[in-house]
Amino acid sequence: MENAVTKKEKFSYGMYFMGQNVFYGLIGYMTTYFTDVGITAALVAVVALITKVWDAINDPIFGMIMDKVHFKKGKFLPWLRISVIAIPVSTILLFVIPTGIPLVAKLIWATLAYMLWDTAYTLCDVPIFGIVTTMTLDQKERVSLNSIGRIFAIFAGIVTGILLPLVRQSLGGWATTVIVLSILSAAMMIPMCLFAKERVIEREKARDGGAEENYTLRDMVECLRSNKYLLIFFAAPLISSLLNVGATWGLYIARYCLGGEEIASFVSMAVIVPTLIGAAIAVQLCKKYDKFKIFYFSYMFALILGIVRYIAGYENMMVYVILNALGGFPLGIAAILQYQFTPDCYEYGQYKTGLKMRGVTFAAQTFFTKLNGAIATAASVFALTLIGFKEGEGVIQAAGFADKLWTFSCLGSIIGGIGTLLILHLYKLNDHDVQLMSKCNNGEITREEAEAQMINRY
């Protein structure tokens, strides 16, 4: 088949995501690491906000660069090859801050290293998601690729969550652990750079006589301005990120509520099987039902579990573990589906404007994803300051700190989740209509034929 993606490509795509998401999982411990080396929670929030100002600049710029720079050997693959070196180097630099240097020097190191990591991650994140649109035009193949990528990413995230708390101290601390995991993760990312083939780009060049499309800044701004569903889908979690202050409190909750840092590993273990089952269920459900409806209802289920978890509290370990395990089901579904919508938004954007803005579209996804993470980090460390957190590894917290930690964590997640669902309700793209848009964009049917068969009006 013309659009067929080989099994080797699919496996390599999954392996790249596995390596990439180990790096992303390591950054999830950044707040804990910074406070462990003596940076106050409030200053950690400042570092995160400064970095995200840079992120607000570099993501759109990189998306524009990707749409204007034309390598001979592909559109996205050259960037992926660069990222195999850039992401491990920047990750290691972020976790080797000398503990004996002055606080000001630690802040400068943390800020510059985080900005470097953010840039390096953009180099890998935008291309790895965008490359599905250049590997195949077949919507089912794209869903298959994305699903494989998300399954491998889920596995990497869970393993990182289990492994790091268990081995960090035995390996000699943060620096050694991060160096070992970075080397292993970079090795996982290499096969994609060797075996992937951007056959869609090759056909487009052949069809257009080798000519490349060049867009102006005005074109790129128009592409984003007119793509309302891209903005709705990725702006919706901003409310959740702002209020879900416990998103980066995993180790803190384990330390102060559950009795020890190592318990975070056992909780993660309990989530593995339900998460993988949820991921498998999502793949099967997508064959019969619209993927956005599946995504929306899984989010609702997660919200209900969050309410039950708050009411149940953390004193009963068995109940706590069971509720977290149940949360693995919607987690697995969401992990498979949440990045399946950007290709749909890309097709919608091209359908509305006629512009093939792959780079800008997937840069927007990366920008909002990292912005959500930055907001969650900043909100969580400011909230830590509000409840009287004392920085430093091994420091004894004030009486009542655990209850405050739990309350802020749970209520923020619940309120933020409700806000996110209300905004997501505005998203109207569906699988049937996107397939028609894709056929129209590819010249297989006319716009009139597409509109005559669509469920919604766009």
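Setting aside neighbours within four places in sequence, Gln20 is in contact (heavy atoms within 4.5 Å) with Tyr121, Cys124, Asp125, Ile128 and Met189. With Asp125, the side chains make a polar contact at 2.9 Å; that term stands for a pair of N or O atoms within 3.5 Å, where within protein one must be able to donate a hydrogen and the other to accept it, and residues adjacent in sequence count only if both atoms are side-chain atoms. Gln20 sits in helix H1, residues 7–27, and helices here are DSSP runs of H or I with at least four residues, numbered from the N terminus. Gln20 counts as buried because its relative accessibility is 2%, the cut-off being under 20% relative accessible area with a 1.4 Å probe, protein chains only.

A word on the model: it is predicted, so local features need pLDDT of at least 70 and side-chain atom pairs count only at pLDDT 80 or more, while totals for chains, interfaces and linings use all residues. Residues are numbered from 1 along each chain as its sequence is written, and side-chain values use heavy atoms, leaving out hydrogens and water.

Now turn to helix H17, residues 328–337: eight of its 10 residues are buried, so the helix is largely enclosed by the rest of the structure. Among them are Gly328, Pro330 and Leu337. The buried residues of H17 pack against helices H7, H14, H15, H16 and H18.

What about the cysteines? Zero disulfides (cysteine sulfur pairs within 2.5 Å) turn up in the whole structure. For Cys286, the nearest cysteine sulfur belongs to Cys345, 15 Å away. Cys410 is buried at 8%, and its sulfur lies 8.8 Å from that of Cys257, the closest, which is too far for a bond.

Conventions:
Buried < 20%, exposed > 50% of the residue type's maximum accessible area, 1.4 Å probe, protein only. Helix = DSSP H or I, 4+ residues; strand = E, 2+ residues; numbered from the N terminus.
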